[in-house]
Amino acid sequence: MDLSFSTDELKFRDEVRDFIAQNLSDEAKRNQRLSPTGIPEKAAFESWHAALYKKGWVAPYWPKEHGGTGWTEAQRYIFETECGRAGTPTLLPFGIHMVGPVVIKFGTEAQKNYYLPKILSGEHYWCQGYSEPGSGSDLASLKTRAVRDGDHYVVNGTKIWTTHAHFADQMFALVRTSDTPKKQEGISFLLIDMKAKGISTRPIITIGGDHEVNQVFFDDVRVPVENRVGEENKGWTYAKYLLEFERGASFRATRLRRQIRELKELLARKDEGASLADDDHFATRMSEIEIDVDALEMMELKLLSDVQHGRNPGPVSSVLKLRGTEIYQDITRLGIDVLGNHALVWEARRPLYGFNDPAVLPENELPLLPAHLDGRAQTIFGGSSEIQHEIIAKQMLRL
């Protein structure tokens, strides 16, 4: 496995660093740092999205003919690691990383021409309509139904845990269009205008105090048949393709390492930090997490090397999703220990970066408890850890 970068790749790394230095504002960095869920509200990252769009760097994973960068895997890795190191805002993945690749691979020319430019520019803001009450990890049991009525589908049902549905103007959704013995064969993939008549949204406040997710209701919502991606009743195929992007389309090690560094900086500033830093048990936990991040980075680089040499990496995206989310939770648990008694103090206002008056805690401590609480969902969404273990056992270990 060759892990070294070429001269051209090192020049590209310098170009990325220069771009970030010139376009990443202190305000945007602060917004990201004070977003416990990892994704700021829409208005908080629009300037960063605009800078990437102007440069042509919004969609590193798209083919160049559809507005992508045309980068190699190594360039994508360099770009993501440099963004992670600098603390750039996280762009909402539902358009760029999820539905965009599905439309590119399975959509009609009309769908590509209409949706892709609007995803790139940020004109369309997407949410994901997958989970339902009673249909989470067992997604194939979904009940939201779409009945054909001429050149429209009439959609009735509900979706839940829908991230940023209160901001979104578009949703990609799995709906049931047929009752078959095999549940996966009766599902279709629809693109739905969130402004359509009959759609309503109810906020869900998470255990971390944030309004990130929602329940969305569909009451006789009419969706044009031309908004169906691919064939009717074949939506499960497109959903599985999309989940590969959700689980493994980004490199996490550098952002995790940045979180560790910020914890160490906080520890050094706290009055009780010296005693905690000298605690052998705490030091062992910190070292174990750092080793885990190093191992995760090696897996990411192995994936990069395989792709560059034309080898199929297999279901490694499940390994990366599993370990990346588990390590994130380990870091947030450590953050609670660093907070000490301050972990008992609760700041209820949101967003944390929107205050005009002093908060109840120092700013660098504000996101730690909400991040720990919200982070419990990391090993559930995008396919629970139990599902990832099953995929690894079946497809990698042949059990």
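1. Let's start with a cysteine: Cys127 is buried, at a relative accessible area of 0%. (Buried means under 20% relative accessible area, exposed means over 50%, and partly exposed is in between, using a 1.4 Å probe and protein chains only.) Cys83 is buried too, with a value of 6%. A disulfide is a covalent bond between the sulfur atoms of two cysteines. Searching the whole structure turns up zero disulfides, where the test is a pair of cysteine sulfur atoms within 2.5 Å.

2. A word on what you're looking at. This is a predicted model, in which local features need pLDDT of at least 70 and side-chain atom pairs count only at pLDDT 80 or more, while totals for chains, interfaces and linings use all residues. Residues are numbered from 1 along each chain as its sequence is written, and side-chain values use heavy atoms, with hydrogens and water left out.

3. Now have a look at strand β4, residues 170-176. (Helices, H or I with at least four residues, and strands, E with at least two, are DSSP runs numbered from the N terminus.) Seven of its seven residues are buried, so β4 is largely enclosed by the rest of the structure. In a regular strand the side chains alternate between the two faces of the sheet. Here Gln170, Phe172, Leu174 and Arg176 point one way, Met171, Ala173 and Val175 point the other way, and all are buried.

4. Which strands pair with β4? Strand β1 (residues 126-129) runs parallel to β4 and is joined to it by four bridges; two strands pair if DSSP finds at least two bridges between them. Gln128 has Phe172 of β4 as its bridge partner. Strand β5 (residues 187-193) runs antiparallel to β4, with seven bridges joining the two. In that pairing, Ala173 stands opposite Leu190 of β5.

5. Glu297 deserves a stop. This residue sits in helix α10, which covers residues 280-308. Is Glu297 buried or exposed? Glu297 is buried, with a relative accessible area of 16%. Setting aside neighbours within four places in sequence, Glu297 is in contact (heavy atoms within 4.5 Å) with Tyr77, Ala253, Thr254 and Arg257.

6. The whole-structure search finds one cavity of 30 Å³ or more, and the largest cavity holds about 70 Å³. (On a 1 Å grid over the protein atoms alone, a cavity is a set of points where a 1.4 Å probe fits but cannot get out, and lining residues have an atom within 4 Å of a point; grid points are joined across faces, edges and corners, and a volume is the space filled by probe spheres set on the points.) Its lining includes Leu339, His342, Trp346, Glu347, Glu365 and Pro370. By class, the lining divides into nine nonpolar residues, one polar and two charged. (Ala, Val, Leu, Ile, Met, Phe, Trp, Tyr, Cys and Pro count as nonpolar, Asp, Glu, Lys and Arg as charged, and the others, Gly among them, as polar.)

7. Finally, some backbone spots to check. Most residues other than glycine have a negative phi, and most peptide bonds are trans. The bond from Arg350 to Pro351 is cis, with omega near -5°, and Pro351 lies in the loop between α11 (316-339) and α12 (368-374). Trp161, in the loop between β3 (152-159) and β4, has a positive phi of about 60° and is exposed at 52% relative accessibility. Arg398, in the segment after α13 (385-396), also has a positive phi, near 60°, and is exposed at 67%.

Notes. 1 Å grid on protein atoms, 1.4 Å probe; cavity = no way out; pocket = protein on both sides within 12 Å on 5 of 7 lines; lining within 4 Å.
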